[in-house]
Amino acid sequence: MRKNYLTLKKDGNSEIVISKSRFIANCKRVETEQQAIDFIQSIKKAHRSATHNCSAYLIGEQDQIQKASDDGEPSGTAGVPILEVLKKQHLKDTVVVITRYFGGIKLGAGGLVRAYGKATTAGIDASGIVERRLHHLMKIVVDYVWLGKLENEIRNSPYSIKNINYADRVEFFVFVPKEEESSFTEWLVEMTNGQATITRDDILFLEFEKSN
């Protein structure tokens with residue numbers, strides 16, 4: 001299973017104007033290459049009258065799937081700069097399409113590289129970035145005598161309670177970072193004098209917003 005990674009918080013779009021050309025960025029989180037292709041095609045359809053719809057995407061834990069398209073711009077001046085911004089910001093499972101409406105002033109190769117890079121950054125800023133951190137959902141079962149102490153201690157710890165079930169015994173479900181499972185278990189055992197039953201219930205990612 002993949003480790004913690006950065007990706008887009010939400011779909012986002014932005015627009016900047018450089019030398020009278022409009023550069024419109026549309027960004028999306030995707031899980032498969034087909035989703036990226038479908039998104040690119042949807043933007044091209046929405047902006048069929050645009051001069052160019054350039055794009056790039058990175059997919060997979062090790063960026064196994066990556067592609068860049070200049071869509072008619074001089075080779076290496078659009079798709080690659082978009083892709084390089086994604087790599088520089090360490091984003092995964094992300095597709096970006098930059099739509100350009102030509103404003104009549106040629107930018108030159110260097111100007112295009114800078115423009116597409118700037119437009120990509122603006123689109124990512126509009127989307128926001130989250131870090132997806134791998135967590136284990138731990139199930140702790142104790143007698144009711146431990147309810148107050150255990151709930152208080154967990155709520156005052158770095159760990160988050162998903163929910164509490166009140167059955168024959170109390171069942172706590174707690175999110176614990178993967179790398180802290182052993183220390184969490186030891187902490188619970190010591191706190192309850194070994195009276196708690198502790199098992200792993202699920203493995204999942206939680207998202208934490210990344211500040212700029």
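This is a predicted model: local features need pLDDT of at least 70, side-chain atom pairs count only at pLDDT 80 or more; totals for chains, interfaces and linings use all residues.
Me: Why is C27 called buried?
Reply: The cut-off for buried is under 20% relative accessible area. C27 has 1% relative accessibility, so the residue counts as buried.

Me: And what makes C54 buried?
Reply: C54 has a relative accessible area of 0%. Buried means under 20%, so C54 is buried.

Me: Why is L86 called buried, and where is it found?
Reply: L86 is found in helix α2. Its relative accessible area is 0%; with the limit at under 20%, L86 is therefore buried.

Me: What is L86 in contact with, leaving aside neighbours within four places in sequence?
Reply: Contact takes heavy atoms within 4.5 Å. On that basis L86 is in contact with A56, Y57, L58, L91, T94, V96 and I124. As for T7, 79 residues apart from L86 along the chain, the two C-alpha atoms are separated by 9.5 Å.

Me: What makes a set of residues the largest nonpolar core here?
Reply: Its members must be buried residues of the nonpolar kinds, joined through side-chain atoms within 4.5 Å. The largest such set has 25 residues, and F23, I82, L91, I98, Y116 and I124 have the most contacts inside it. Elements supplying at least two residues each include β1 (5-8), β3 (21-29) and α2 (79-88), while α3 gives the most, with 5 residues. Apart from this core lies another, of 18 residues, among them L147, Y159, V174 and A196.

Me: Which residues line the largest pocket, and how do they split by class?
Reply: The lining is E33, I37, I40, Q41, K44, S55, Y57, K67, A68 and S69. Ala, Ile and Tyr count as nonpolar, and Glu and Lys as charged; the lining comes to 4 nonpolar, 3 polar and 3 charged residues. The largest share, 5 residues, comes from α1, and the pocket's volume is about 150 Å³.

Terms used. Residues are numbered from 1 along each chain as its sequence is written. Side-chain values use heavy atoms; hydrogens and water are left out. Buried means under 20% relative accessible area, exposed over 50%, partly exposed in between (1.4 Å probe, protein chains only). Helices (H or I, at least four residues) and strands (E, at least two) are DSSP runs, numbered from the N terminus. On a 1 Å grid over the protein atoms alone, a cavity is a set of points where a 1.4 Å probe fits but cannot get out, and a pocket is an open set with protein on both sides within 12 Å along at least five of seven lines; lining residues have an atom within 4 Å of a point. Grid points are joined across faces, edges and corners, and a volume is the space filled by probe spheres set on the points.
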